[in-house]
Amino acid sequence: MIDLRSDTVTKPTPAMRNAMANAEVGDDVYDDDPTVNRLQEVSAKLLGKEAALFTPSGTMSNAIAMKVHTRPGDEVLMDTEAHSMLYELGLPATIAHVLTRQFRSAKGVPDVEEIRHSFHAESLHNPGTTLILLENTHNRAGGEIIPLGVMREIYQITKSHDASLHLDGARLFNAVTASGVSAAEFVENADSVTFCLSKGLGCPIGSVLCGTHEFIHRARRVRKMLGGGMRQVGILAAAGLYALENHIERLETDHANARLLAQGLAQISGIRVRNISPPTNMVYFDIDASSDVLCRKMRAQNVLANPIEEQTVRLVTHLGVNESQMRETVKIIQEIYEKS
Ligand SMILES: *Cc1c(COP(=O)(O)O)cnc(C)c1O
C-alpha cells in the first residue's frame, strides 16, 4: 500500500521503537517521568519558550490553549478553514465556551488589514476579542506557510489589543524546513504554540504545547481536567525526543516528493492541481468527477488517498513513502484516467 491519506499514518521506525523500549519512565502526573521532562525541556528550548507540556493530541493542545487564554464568552478570531473550526467537533464552543469570529485567508495567509479591523474591544455590548488562533502550516490551504513578516504584523496587532496569539503549529517543522526560518523565530510571534509529534515527525502519538511558565502551569491543570494526565509516558516521549533529533531535516524529502507528485499529476488532463509547486508535504487536486469514486479506484491499485471534498483529493507525503512510489502513484492515476 502507498498510503497518502495523511502524515498521521507514519509508523515508528525500528530506531524509534528502540528509543521507546529503552526509555526511563516515572509517573508523569507526579512530574516524575524523566523522559517526559526532557522532551518538555528540549521542546521549550527549541521553540525559545519558557516551558512546555506533553499532550496526547493537537486537538487537546488547542483546547487547553483556548481555555487558558480566554474566559467564557470571549471572542476568538480564527480562519474559517482552521482545523479548530472544521475538525475539532466545536470545541471552541463546547470546551472553551468562546465565540468564534472568522476570517478568510487567501491561500492560508491572513489579510493583515482585515485582522487589524477584526479585534473588538470589551464594552457594555461586546465581550472583547482576547485570542487569535493562527495555523502554520495551513492544512486546508494545502500546507501553505504563513510568512514570518505576516506573523510579526499580526502579533503586533494582537498585543496592541492586549490579546493573545496561539499558533496551531501541528506542522510547524514543515514550515521551518521549507522556509529556513527557525521554529523560535516563527513562535517569537506567538504567546503559545503546539506542534504534533504524530504527523510528519513520525511518532505514534503526541503533541507538545509551549508557552510561559505561568501559561504552562495553568495548561497542566486544564490537561488534567480533560483527562490528559498521563503516567509512565516516557515511552511515548522517547519517540518524540528521537524525532526531534532525527526526523526534522528529512521533512525536506517529503516536500520534494510532494512537488514530484504535483508536477506529475499536473500532466494528466482532467486533473487540476491547486499548487504545482507545493510549499510543504501536501497536494490538493480538483477533478470534474466524484473524488470518492477516484479514491476507490486508486485503492484497488494499492494507493490510498483522502477524498477531502466532493471533487477534491488530498495527498500527503511522509516518511513512510519514497520517490519511486510517487512516480508509481502518478502512473496509476494516469492509467485510471486513460481508461475512463
Ligand atoms: C492534525 C491537526 C491538529 C490536531 O491534531 P490531532 O493530534 O490529530 O488531534 C490540529 N491542527 C492541525 C492544523 C492539524 O493538522
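Since the structure is a prediction, local features need pLDDT of at least 70 and side-chain atom pairs count only at pLDDT 80 or more, while totals for chains, interfaces and linings use all residues. Residues are numbered from 1 along each chain as its sequence is written, and side-chain values use heavy atoms, with hydrogens and water left out.

Helices (H or I, at least four residues) and strands (E, at least two) are DSSP runs, numbered from the N terminus.

For T59, a polar side-chain atom sits 2.5 Å from a ligand oxygen. The corresponding distance is 2.7 Å for K199 and 2.9 Å for R171. Taken alone, the ligand exposes 380 Å², and the protein buries 86% of that. Accessible areas come from the Shrake-Rupley method with a 1.4 Å probe, and for residues only the protein chains shown count as cover.

Next come the cysteines. Searching the whole structure turns up zero disulfides, a disulfide being a pair of cysteine sulfur atoms within 2.5 Å. C203 is in no disulfide, and the nearest cysteine sulfur, that of C196, is 10 Å away. With a relative accessibility of 1%, C203 counts as buried; buried means under 20% relative accessible area, exposed over 50%, and partly exposed in between (1.4 Å probe, protein chains only). For C210, the closest cysteine sulfur is also in C196, but at 12 Å, so the pair is too far apart for a bond. C210 is buried, with a relative accessible area of 0%.

Most residues other than glycine have a negative phi, and most peptide bonds are trans. A cis peptide bond, however, joins N136 and T137, with omega at about 5°. T137 belongs to the loop between β5 (129–135) and α7 (148–160). H97 is not a glycine, yet its phi is positive, at about 55°. This residue lies in the loop between α5 (91–94) and β4 (99–103) and is partly exposed at 42% relative accessibility. K107, not a glycine either, has a positive phi of about 50°. K107 sits in the loop between β4 and α6 (112–116), and is exposed, at 62% relative accessible area.

Finally, some individual residues. H318 is in the loop between β13 (312–316) and α14 (323–339), buried at 2% relative accessible area. Its side chain reaches the backbone nitrogen of G320 at 3.0 Å. Leaving aside neighbours within four places in sequence, H318 is in contact (heavy atoms within 4.5 Å) with D3, S6, D7, V9, T10, R250 and D254.

Q40, in helix α2 (residues 34–47), is buried too, with a relative accessible area of 8%. The Q40 side chain reaches the backbone nitrogen of F54 at 2.9 Å. Beyond residues within four places in sequence, Q40 is in contact with A52, L53, F54 and R223.

I336 is part of helix α14 and is buried at 10% relative accessible area. It touches L294, K297 and M298, not counting residues up to four places away in sequence. I336 and L294 are 42 residues apart in sequence, and 8.2 Å apart in space from C-alpha to C-alpha. M225, in helix α10 (residues 213–225), is exposed at 55% relative accessible area. M225 and I64 are 161 residues apart in sequence and 9.7 Å apart in space, C-alpha to C-alpha.

Methods: Polar contact = N/O pair within 3.5 Å; in protein donor to acceptor, adjacent residues only side chain to side chain.
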